[in-house]
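My plan is to look up a few residues and then step back to the whole chain.

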Amino acid sequence: MSEQVKEVIRKTVIQMLDGSVSPINIRRMARKHEEKPHFIPIRYRIVGGILQGLNIKLGNFIEQLLSNIVELDTGVRAMEDSGRKILLSFTPQTDALIDSYITRRQLPNSPDDCTQQFEDLLQNILKIESAVPDSERGGIVKDVDGLFQTADGLIVYTELKYNDDHDTGKFVDINRKFIKTWAGLAVRYQIESTDQLLPILYYFNPRKRYGPIYVPSKNIMRGSQLFERFFHINYKDVDRYLKEVGDDPEILAIFDRIYDLIRNQDLP
């Protein structure tokens with residue numbers, strides 16, 4: 001297995017762990033648990049809370065991991081806005097158009113295959129935005145999970161999720177945010193054709209739960225698909241080492257230090 005792949009994963013894990021634990025945070029958690037009568041000692045509840053917090057951050061971990069992979073991979077070039085919260089802008093007409101599209105896709109008579117409807121939506125967004133001055137646009141802050149450019153100039157915007165297992169309401173919001181972020185990026189990068197900016201909803205875990213309700217299959221990728229199409233790094237290498245990283249001596253040592261830090265605190 002490539003040592004570079006191992007190193008980028010190890011680096012990402014350490015980035016997530018670094019700063020997750022501090023004496024101030026431990027004291028804050030201790031005060032919180034002091035008020036809760038419980039048979040589990042406070043130290044162990046604090047450890048459990050830290051581990052639960054890290055588990056909740058798994059999606060953020062995948063975002064950071066993909067960002068680090070893009071930086072390492074020679075087949076693509078990371079763009080400056082990747083992994084950042086940035087101010088994007090588009091017109092109220094575009095905003096209403098996207099909301100209307102999401103609503104229509106929920107109707108029982110909406111066609112199962114949304115390929116043409118989605119392409120029409122993107123085309124209409126470009127048409128609307130190309131016809132107005134900046135003064136008619138409103139700004140909104142969006143988190144751009146992944147943004148990179150291929151050797152042939154294609155800009156790829158990815159909305160990254162670990163699992164395709166969100167509840168119904170959150171799934172709708174993910175897709176709405178996905179499309180609105182694409183619209184804002186299209187304005188920001190002065191996109192003239194839908195062929196210049198490819199939106200991809202990417203699930204790191206290949207398990208499939210939801211079908212292409214709001215986004216056509218060609219704009220959804222799972223597991224190895226994103227790697228096979230754009231990256232030189234092998235998804236199997238990444239997946240294999242992610243399963244092994246918990247036994248990495250350096251990572252184990254970090255978790256041991258976390259426990260020792262909590263154990264040595266002056267707690268009730």
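**Entry 1: a polar contact.** I started with the side chain of Thr194, which makes a polar contact with the side chain of Glu119 at 2.9 Å. I note that the model is predicted, so this distance is a computed one. Where does Thr194 sit? I found Thr194 in the loop between helix H7 (168–188) and strand E6 (197–203). Is Thr194 buried or exposed? Its relative accessibility is 12%, so Thr194 counts as buried, because the limit for buried is under 20%. I then listed its contacts, leaving out neighbours within four places in sequence. Thr194 touches Glu119, Leu122, Gln123, Leu126 and Trp182.

**Entry 2: Leu54.** Next I looked up Leu54, which lies in helix H3. Its relative accessible area is 17%, so I wrote it down as buried. I also checked Leu54 against Leu17. The two are 37 residues apart in sequence. In space, their C-alpha atoms are 7.8 Å apart.

**Entry 3: a patch on the surface.** Which residues form a nonpolar patch on the surface? I found Phe39, Ile40 and Tyr44. Together they have about 370 Å² of accessible area. Ile40 belongs to the loop between helix H2 (23–34) and helix H3 (42–56). Its relative accessibility is 31%, so Ile40 counts as partly exposed. Partly exposed covers the range between buried, under 20%, and exposed, over 50%.

**Entry 4: the cores.** I turned to the inside. The largest nonpolar core has 43 residues. Which of them touch the most other members? My list reads Ile9, Leu66, Tyr202, Phe227, Phe230, Phe231 and Val238. I followed up Leu66. Not counting residues up to four places away in sequence, Leu66 touches Leu160, Tyr202, Phe204, Leu226, Phe227 and Phe231. There is also a second, separate core of 34 residues. Phe118, Ile155, Val215 and Ile220 are among its members.

**Entry 5: the whole chain.** Last, I stepped back. I count ten helices and seven strands in the chain. Along its principal axes, the C-alpha trace spans about 65 × 45 × 40 Å. How many of the 268 residues count as buried? The share is 46%. The chain exposes about 14400 Å², and carbon and sulfur atoms supply 49% of that. Residues 24 or more positions apart account for 76% of them.

Note on methods. Residues numbered from 1 in each chain as written. Predicted model: local features only at pLDDT ≥ 70, side-chain atom pairs only at ≥ 80, totals over all residues. Heavy atoms only, no water. Patch = residues over 30% accessible without salt bridge, like charges linked within 9 Å, V, L, I, M, F, W, Y side chains within 5 Å. Areas by Shrake-Rupley, 256 points an atom, 1.4 Å probe, with all protein chains shown as cover. Salt bridge = Lys/Arg side-chain N within 4 Å of Asp/Glu carboxyl O. Helix = DSSP H or I, 4+ residues; strand = E, 2+ residues; numbered from the N terminus. Buried < 20%, exposed > 50% of the residue type's maximum accessible area, 1.4 Å probe, protein only. Polar contact = N/O pair within 3.5 Å; in protein donor to acceptor, adjacent residues only side chain to side chain. Contact = heavy atoms within 4.5 Å. Core = buried A, V, L, I, M, F, W, Y, C linked by side-chain atoms within 4.5 Å.
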